[in-house]
Protein chains: 2
Amino acid sequence: MFDAQEQQAVVREDDQALQQPIIRQMVVQLRAMDSYGTYDTWSDARVLDPLVLTKERRKAIPVVGDPDETTISRVKAYYNALAQLVEGETGLLAVPVINITHEGFGRALILVGKLVALDKTLRDVHRFGFESLDALAGEAQKLVDKAVSLVNGNRAVAEL
Amino acid sequence: MFDAQEQQAVVREDDQALQQPIIRQMVVQLRAMDSYGTYDTWSDARVLDPLVLTKERRKAIPVVGDPDETTISRVKAYYNALAQLVEGETGLLAVPVINITHEGFGRALILVGKLVALDKTLRDVHRFGFESLDALAGEAQKLVDKAVSLVNGNRAVAEL
């Protein structure tokens, strides 16, 4: 748990990915969940750092485990960010709904009107993370594109 | 808490409402959540009894409170029952998704394909109950009718 390697930040302060809209929205959402102001003095790179699970970091996490509150709030921040992006591209209110059990299984939904624009099964939430910020941005973009496409293909229901 | 009046069963063994499909489905769902077999020797009336909150019973519950696991499972049983009825009338898989916070607020959804067939805000879950089985059946029918109507009006999305 106190291994120096895992404690070292992985996200560089000059990481180009930090400029991507998706990544900036993630920072907004993560800071929004920061009830105690812990992140006030932290850089964006530092706030995002725990989301990047390198092979070494991943190995340090037990295969079976219960997600803690911090990890769950990161998952929520992620889907909040996706919902914001869907809203931006469709002009319609997008509402994230996250269900996570104690064991780390669950479901992430993004609802637009009466349309389920995104419906993702969640597993191993205690190991929630991405190989890099670019990987995060890539997966996020795929999900947003899919959701926006669904909304545009079913505008009537999305506008209910 | 140990007032004899609250402990007395309110639902009569010969209550006509016990024959209604909605009420029978509620019993099915409540028994399905009975992990320890507590209900094995209980009549349907007895299983349903805690769902009926008379004025006296309601007064005995604090205005502010956290719902316990049993109450939450009753809420889940209710929406599972509604989902089953929606399935029966539409021929499509209907999935209930319940989100309840520790403080007893939340959301109950029934998803049919990519359609949000039901979306109900939950408040005061610790006081979840109905004035009578007939009242339960009446409210349930209203919700089911509304959901079925939405499904039939948006079959394409419901069949996604």
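**Reading charges, loops and an interface**

Me: Let me start with Asp124(B), which is partly exposed at 33% relative accessibility. Where in chain B does Asp124(B) sit?

Reply: Keep in mind that this is a predicted model. Asp124(B) belongs to the loop between β3 and α6 (133–153) of chain B. The backbone deserves a look there: Asp124(B) isn't a glycine, yet its phi is positive, about 50 degrees.

Me: And what about phi of Asp124(A)?

Reply: Phi of Asp124(A) is near 50 degrees, again a positive value in a residue other than glycine. You'll find Asp124(A) in the loop between β3 (115–122) and α6 (133–153) of chain A. Asp124(A) counts as partly exposed because its relative accessible area is 33%, between the 20% and 50% cut-offs.

Me: On to charges. How should I read salt bridges, and how many does a search of the whole structure find?

Reply: The general idea is that side chains of opposite charge can pair when their charged atoms come close. Searching the whole structure over all chains gives 10 salt bridges. One of them joins Arg57(B) to Asp49(B), with the closest N and O atoms 2.6 Å apart.

Me: Are Arg57(B) and Asp49(B) buried or exposed?

Reply: Both Arg57(B) and Asp49(B) are buried. Compare that with the pair Asp14(B) and Arg12(B), whose side chains meet in a salt bridge at 3.0 Å, N to O. Asp14(B) is partly exposed at 47%, while Arg12(B) is exposed, with a relative accessible area of 56%. Arg12(B) gets the label "exposed" because its value is over 50%.

Me: Which residue does the side chain of Arg155(A) meet in a salt bridge?

Reply: Glu159(A), at 3.0 Å from N to O. Arg155(A) is partly exposed at 28% relative accessible area, and Glu159(A) is partly exposed at 48%. Arg155(A) has another partner too: its side chain makes a polar contact with the side chain of Asn152(A) at 3.2 Å.

Me: Where does Asn152(A) lie?

Reply: In helix α6 of chain A, and Asn152(A) is partly exposed at 44% relative accessibility. For a pair separated in sequence, take Asn152(A) and Ala117(A): they are 35 residues apart along the chain, and their C-alpha atoms are separated by 9.9 Å.

Me: Let's do the interface. How much area do chain B and chain A bury between them?

Reply: As a rule, the size of an interface is often given as the accessible area lost when the parts come together. Here chain B and chain A bury about 1,300 Å² between them, and 67% of it is on carbon and sulfur atoms. On the chain B side, Asn99(B), Lys114(B) and Val116(B) supply 36% of the area that chain B buries against chain A, more than any other three residues. As for contacts, 15 residues of chain B are in contact with 15 residues of chain A.

Me: What is the count of salt bridges between chain B and chain A?

Reply: Zero salt bridges, but there are four residue pairs in polar contact between chain B and chain A.

Me: Which strands of chain B supply residues to the side that touches chain A?

Reply: β1 (94–100), β2 (106–112) and β3 (115–122) of chain B each supply at least two. β1(B) gives the most, with four residues. By class, that side of chain B has 10 nonpolar, three polar and two charged residues.

Me: One last residue. With which residues is Asn154(A) in contact, leaving aside its neighbours within four places in sequence?

Reply: Leu115(A), plus Val157(B) and Leu160(B) from chain B. Asn154(A) is found in the loop between α6 and α7 (155–158) of chain A. Asn154(A) counts as buried because its relative accessible area, 16%, is under 20%. Its side chain also reaches the backbone oxygen of Leu150(A) at 3.0 Å.

Conventions
Residues numbered from 1 in each chain as written. Chains lettered and ligands numbered in written order. Predicted model: local features only at pLDDT ≥ 70, side-chain atom pairs only at ≥ 80, totals over all residues. Heavy atoms only, no water. Salt bridge = Lys/Arg side-chain N within 4 Å of Asp/Glu carboxyl O. Buried < 20%, exposed > 50% of the residue type's maximum accessible area, 1.4 Å probe, protein only. Contact = heavy atoms within 4.5 Å. Buried area = accessible area lost by both parts, 1.4 Å probe. Polar contact = N/O pair within 3.5 Å; in protein donor to acceptor, adjacent residues only side chain to side chain. Nonpolar A, V, L, I, M, F, W, Y, C, P; charged D, E, K, R; others polar.
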